[in-house]
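This report goes through the strand pairing, the chain contacts and some backbone details of one structure. The sequence and model come first.

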Protein chains: 4
Amino acid sequence: MTLPAPLTGVVPPVCTPLTPDGEVDPPSLRRLVDHLVGAGVSALFVLGSSSEAAFLRDRQRRQVVETVTAHVGGRLPVLAGAIDMTTPRVLDHIAAVTEAGADAVVVTAPFYTRTHPAETARHFRLAAAASPVPVIAYDIPSAVHTALDPDLVLALAAEGVLAGLKDSSGDLAGFRRVVTGARGRADLTGFTALTGSELLVDCALALGADGAVPGLANVDPHGYVRLDRLSRAGDLAGARAEQERLAALFGLVGVGDPARMGGGSSALGAFKAALHLRGVIDCPATADPQIPLAPREVERVAGFLTAAGLL
Amino acid sequence: MTLPAPLTGVVPPVCTPLTPDGEVDPPSLRRLVDHLVGAGVSALFVLGSSSEAAFLRDRQRRQVVETVTAHVGGRLPVLAGAIDMTTPRVLDHIAAVTEAGADAVVVTAPFYTRTHPAETARHFRLAAAASPVPVIAYDIPSAVHTALDPDLVLALAAEGVLAGLKDSSGDLAGFRRVVTGARGRADLTGFTALTGSELLVDCALALGADGAVPGLANVDPHGYVRLDRLSRAGDLAGARAEQERLAALFGLVGVGDPARMGGGSSALGAFKAALHLRGVIDCPATADPQIPLAPREVERVAGFLTAAGLL
Amino acid sequence: MTLPAPLTGVVPPVCTPLTPDGEVDPPSLRRLVDHLVGAGVSALFVLGSSSEAAFLRDRQRRQVVETVTAHVGGRLPVLAGAIDMTTPRVLDHIAAVTEAGADAVVVTAPFYTRTHPAETARHFRLAAAASPVPVIAYDIPSAVHTALDPDLVLALAAEGVLAGLKDSSGDLAGFRRVVTGARGRADLTGFTALTGSELLVDCALALGADGAVPGLANVDPHGYVRLDRLSRAGDLAGARAEQERLAALFGLVGVGDPARMGGGSSALGAFKAALHLRGVIDCPATADPQIPLAPREVERVAGFLTAAGLL
Amino acid sequence: MTLPAPLTGVVPPVCTPLTPDGEVDPPSLRRLVDHLVGAGVSALFVLGSSSEAAFLRDRQRRQVVETVTAHVGGRLPVLAGAIDMTTPRVLDHIAAVTEAGADAVVVTAPFYTRTHPAETARHFRLAAAASPVPVIAYDIPSAVHTALDPDLVLALAAEGVLAGLKDSSGDLAGFRRVVTGARGRADLTGFTALTGSELLVDCALALGADGAVPGLANVDPHGYVRLDRLSRAGDLAGARAEQERLAALFGLVGVGDPARMGGGSSALGAFKAALHLRGVIDCPATADPQIPLAPREVERVAGFLTAAGLL
């Protein structure tokens, strides 16, 4: 299907349920998709950071996209990450995920290598030239160790290279420069600006973002859909209250002991533990080499869910 | 063939010659291998940073290993990088490069993700458990944005997980902790410590390193072999003089205008331009999205070669 | 005078006008204070980053505080930075600025040294124990290279160590954790949360911040006072429009050529050039070793002022 | 006295003994000076990082310089740090330490502020213009968060701005570029290149450094003097053995529990504990807000001393 321009609303970055031996679990993935679609989300984003894309083998990535696009059946758009170090490898992923049915691809700046902004620009231009579907830039400096300059994003959008931005920079002021810069420009009609900041969705929508890609929406998609609707209805106080409820729930990402594991293991482990506790997925396993949550840490996840009325 | 334990001498990280349209150029690659082997190197390292591994598609990576192992025919060991973000993806690369004939695999810490040292340790343990050949750790914080702790390297070596270390950290004091820490320990006999610092090979050998993996050895393998032999013969003044000559030549990595391109594009572009100027490879192209050197920058490479007596 | 608890509204970080030979210019400083007070600001913050505190000699710092407190004469509170590397040096600055009449002190985490969070906590406890006036924490990771953890800020506030937070982290989500965490707690009544993000004041106020410390308020204090009043009146659309007008004006911080000077020289040079062009201060000089703006760069500042209706 | 050009040998960065209440302890400081001078060091460096300069009040800094210069009485040169954020503040320190008798000043790049290389160059030029004694650049990126470019150092040396470099960058390859670049240039005769890397002094001397500034020389000055003499006598194997003995002793910097304190507190605490255990200073206290070593950690320091034959 054609990607709406702009794409609005809640676009969850879909977790990838795994079996205990690390394989993709398609029945759980389909139940997770139903859980999200049933809550009223606008589109799905697979193979992003919350999907553990960095941990999935190529055949698993393809399996995820095929499973989700087949199950969704065109009811709503499916965006897919094409996450790899440099252009030639990203082009291979673009080919794979679009053959598997993705309606748009999400591409980061190069990483591992030392990249000049001019090289990042070339990277996106080459990706767009090779992609049969729209390209959305994924700004995630915590992973790629460079940030996208707002002026570069706008310039590439005006060239027709970028259809949108998924902002996980944590820098709301920079994101705002893109949102405000795109507004009212005839050549940027249809540009999609999505925030990935779970804790600032109300602010991002208030300043003009089109939608949100909150990892926590895996756990509580209804909450983010309510927040989005309150915001669009102009009930900013209501949106803020819903955001604050979700912020309290977001505390679950910190259950993992930082002496034992990284922040990513803790957050992804907590999302999956929550989905398991809520009965959506069969197994809360995360991919290697992540450290799994201990039972006492899973209990803390349950506490957060209970406090949020989700268990 | 079995990897020597320890592996000593010069182990060049072999550049990957490309055609103008970005495909691997096997005849040029074979000529480059002949150029290196003929100079007296001890082993070859393919699919490292100097090989543009981060830029090669999976089918190209496999082609590089197959081409080199077939051409070398067991005359000396071939080490291959298995460079990817996390364990499951690295395991796929290990399977691919060892099927293609690699005698050892070189593995970095996870990247893109936020990684805890305990997860890095698991990563290496899982890689070693799955690998039919020895695993050498690749410490390259400029690319992966974490550094390997010397104590962790030694502990994993004592467990039998790591057969060696390829150090591109730039931190000679940390590398020395590994070298000195391994010396005289019965359980670490055979551990290989290789420096990747082109400009400090004489120092690294003097403090006890087993060998060197200098990217510049693509351009002047004879120089590094001389340096290695002088050092082993105890002629430290001679080694230093050779090292200083090579350091002057290394200035070629800076020919690229930093306003136009990244440091990686400049360095790899200069290595390949030098190999082209010396008649070893047919085309100096680097992979996308790197910016190519301009003619005036290639002229500066030629100037460095002339000054070093290589043209 | 006693610091309001909480302190609300616009608290400009007052620029320090200098003479051509680098001395403090008291008449210009008094005119700047009049310019700000006349616009309706709530308090003044001297010796912060926008004041070039890092560039002022100790005698100049004292002169700034004495000049401002004498001129203000208790009409509104004067906060003063006590910016130095570690606790003993900060205590000397606290003594100096409070003797000179400051109503509160603003203190960063230690810098230059490698600091553990437990040491940062000790630092604030010792500062508060020695200070005759309230201590406000200044979170500015771009300068000190560590960030304050929201939980630590709240814990120190509950202990009575911190009276408030001046947040220049750029991390609105982290700031929100402090604002939301302090709300409704009896032991944190009176805690002041101030944002230093010029471009997100509307968002910060909407999520519950008490006030703002925008460097750009030197140039357009009336704009920020309007924004603050619109926000408090519940006119969020009006606040957003005013914020967007100010964001456009903020573009002036980028007039300096990044090939010639740092971002700080450009921003501070532009603020002072604007104050000079608006007739508030006599000389736009910045302190050594900053590079001054070139005439063509000052012209661009004038262009921003004209576009904003300020010239 | 006039600074030798170049200055060679061991130049310990002298610890600052404190009383339990945080004041400078002149008798202990004089005993420490005797301990160092008696071992055969070439000069003394006060008010550097190992001296806790960042933690000393201005009156304490002056007291340190006066105490040491008076006690040394011109027997050997005294270098003094003029460590502060920017040029005007550094100029005040230069005036203070030279009035107190320092024979050279040691100056870092600006910190806390965002500094462009052109501003760093101006900073050193202004410092040299104002200083009655030679200026030595202090490259310490771990503290100031920028590194000095070797080409800039050489250019400023050729201008007559810099008399030398104290390298604490940890980047031996960059330091070597300065050493090799200065060699044989008529305009750089007399330039002094000193390494601050405790663990690489043998390497640094072998590649041409003039001397060393090892913090650990407070604890074992005789060892570093032996190492320097072995190196100058061409006994590189002997130098290496002495260096490895000192490297084992250097392990004492890690006795502090990283869950409780920063690396600086651990290292400085260990140096002072060792000096206290060896009977050189009266009290091992470090300045606020550093966390003191626990008794079990001090016992580990004693173990290192015993193993090194120093207790």
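## Sheet of chain C

C:Leu194 has C:Gly211 of E8(C) as its bridge partner. The model is predicted. The two strands involved are E7 (residues 192–195) and E8 (residues 211–212) of chain C, and they pair in the parallel sense over 2 bridges. They belong to an open sheet of 8 strands in chain C. The order is E1-E8-E7-E6-E5-E4-E3-E2, with parallel pairing.

Which strands stand at the edges? In chain C they are strand E1 (9–10) and strand E2 (44–46). Each has a single partner strand, so one side of each is left without a neighbour in the sheet.

## Sheet of chain D

Chain D has an open sheet of 8 strands, with parallel pairing. Its order reads E1-E8-E7-E6-E5-E4-E3-E2. Strand E1 (9–10) and strand E2 (44–46) of chain D are the edge strands, and each pairs on one side only.

Strand E6 (residues 164–167) and strand E7 (residues 192–195) of chain D pair in the parallel sense over 4 bridges. Within that pairing, D:Lys166 stands opposite D:Leu194 in E7(D). Helix H2 (residues 58–72) of chain D packs on the sheet. This helix touches E2 and strand E3 (78–81) of chain D, and its direction makes about 160 degrees with that of E2(D).

## Interface of chains A and B

How many residues does the contact take from chain A and from chain B? It takes 48 from chain A and 48 from chain B. Interface size is often given as the accessible area lost when the parts come together. Chain A and chain B bury about 3,900 Å² between them. Carbon and sulfur atoms carry 55% of it.

The count of salt bridges between chain A and chain B is 8. In one salt bridge, A:Asp84 meets B:Arg89, with the closest N and O atoms 3.3 Å apart. On the side of chain A that touches chain B, at least two residues each come from helix H2 (58–72), helix H3 (87–99), helix H4 (117–130), helix H5 (141–144) and helix H11 (263–277) of chain A. H3(A) gives the largest share, 6 residues. By class, that side of chain A has 22 nonpolar, 15 polar and 11 charged residues.

## Interface of chains D and B

Chain B also meets chain D: 18 residues of chain D are in contact with 18 residues of chain B. The area buried between them is about 1,500 Å². Carbon and sulfur atoms give 54% of that area. D:Arg176, D:Arg240 and D:Glu244 supply 35% of what chain D buries against chain B, more than any other three residues.

D:Glu244 also takes part in a salt bridge. Its side chain meets that of B:Arg183 at 2.6 Å, N to O. Between chain D and chain B the count is 4 salt bridges. There are 8 residue pairs in polar contact, both residues at pLDDT 80 or more. Helix H7 (172–182), helix H8 (201–206) and helix H10 (236–250) of chain D are the elements that give two or more residues to the side touching chain B. That side of chain D has 8 nonpolar, 4 polar and 6 charged residues.

## Chain pairs without contact

Chain B and chain C do not touch, and their nearest C-alpha atoms are 9 Å apart. Chain A and chain D do not touch either. Their nearest C-alpha atoms are 9 Å apart.

## Backbone details

Where does A:Pro289 sit? It is in the loop between H11 and helix H12 (295–307) of chain A. A cis peptide bond joins A:Asp288 to A:Pro289, with omega about 5 degrees. In chain B, the peptide bond from B:Asp288 to B:Pro289 is cis, and omega is near 5 degrees. B:Pro289 is in the loop between helix H11 (263–277) and helix H12 (295–307) of chain B.

B:Leu47 is not a glycine, yet its phi is positive, about 65 degrees. B:Leu47 is found in the loop between strand E2 (44–46) and helix H2 (58–72) of chain B.

Note on methods. Residues numbered from 1 in each chain as written. Chains lettered and ligands numbered in written order. Predicted model: local features only at pLDDT ≥ 70, side-chain atom pairs only at ≥ 80, totals over all residues. Heavy atoms only, no water. Contact = heavy atoms within 4.5 Å. Buried area = accessible area lost by both parts, 1.4 Å probe. Polar contact = N/O pair within 3.5 Å; in protein donor to acceptor, adjacent residues only side chain to side chain. Nonpolar A, V, L, I, M, F, W, Y, C, P; charged D, E, K, R; others polar. Pairing = 2+ DSSP bridges. Axes fitted to C-alpha atoms, helices over the stretch in contact; angles between N-to-C directions.
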